[in-house]
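Please open the model in a viewer and keep a selection tool at hand. The tour begins with the whole chain and then moves to particular selections.

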Amino acid sequence: MGPREIYPNPPLALAVIELRHTATSTLSEADQSALKALLSDSFPLARPVPSGVNVTVTPSGVSNEPTPPVPRFMARDNTAAVTFRPEAIAVETTRYVRRSALRQLLRLAVEARQKVSPADGMTRLGVRYINEVRAGIEGPADWSQWITPALTSVASLEDGMGRPTHTWQGLAVFGNDQEGVVVRHGNLEGYAVNPSGDLRRPTPPPGPYYLIDLDSYWTPQGETPTLDWDNIEPRYDAAALSAYGLFEQLITDNYRQEVLRREQ
């Protein structure tokens, strides 16, 4: 694959890397302070995720015990965050620029975690891109101008009373249990990613959009590899490039030219 084009007007609302690892104990307050110090240049703000509740059923009854908050650190402009759960590291951003920049944040998070309280191995890597494709349409059938007919051809159908397709959603899986891409898509209204959530993002006017939600994944088969950057980096690059290649197939040249390449 040749050089990847960086579009001036991309539809990406949220990019997420979830790196699952073997279960660990809850990070102590000292561990969290150490993580904050290591991440302070990129993620200076501590914003823990509120705790949940563990429900335990015993012969004597049901007990509800609150779980401790999950450590989360955010960029000062609130467009990126890293979260440390007992079984995973998640890196999120609403200001995605290129694969290498997100890879750098992942490496920072992994190296901080392994320095403070290491996990024994990785069990899954997922790279997810949630795209809100917005373009001028008068009705659902017009999405075929912007999105491949492989996804939008259902718009040509009618029911037994002659009523056309109004809304559709679909899911497709490419690959196998070890690696592949899951695509969720459909014509929707409003936002796929809440503009008023913890992570701030540019807020387009509410209205119709086409969801292209790509989850590119890799899972080890057999041996559990160590949680080392040399094991993670090639898997991340392969997953990200796989999602990119599929996205390029799901949009039309018309969308590429009229929307993606249009300067703001």
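With the entire chain selected, consider contacts (heavy atoms within 4.5 Å): of those with a separation of 6 or more, 72% are between residues 24 or more positions apart. The model is predicted, so local features need pLDDT of at least 70 and side-chain atom pairs count only at pLDDT 80 or more, while totals for chains, interfaces and linings use all residues. Residues are numbered from 1 along each chain as its sequence is written, and side-chain values use heavy atoms, with hydrogens and water left out.

Next, colour by secondary structure: the chain has five helices and 11 strands, taken as DSSP runs (helices H or I, at least four residues; strands E, at least two) and numbered from the N terminus. Of the 264 residues, 45% are buried, that is, under 20% relative accessible area with a 1.4 Å probe, protein chains only.

Now select helix α5, residues 253–260, where Tyr255, Arg256, Val259 and Leu260 are buried. Viewed down the axis of α5, these buried residues line one face of the helix because they fall within an arc of 110°, taken from the directions from the helix axis to the C-beta atoms.

Finally, select Thr24, in the loop between β1 (12–21) and α1 (29–39). Is Thr24 buried or exposed? Thr24 counts as buried because its relative accessibility is 19%. Show polar contacts (N or O pairs within 3.5 Å, within protein one able to donate a hydrogen and the other to accept it; residues adjacent in sequence count only if both atoms are side-chain atoms): the side chain of Thr24 makes one with the side chain of Arg113 at 2.7 Å. A polar atom of the Thr24 side chain also lies 2.8 Å from the backbone oxygen of Pro86.

Methods:
Buried < 20%, exposed > 50% of the residue type's maximum accessible area, 1.4 Å probe, protein only.
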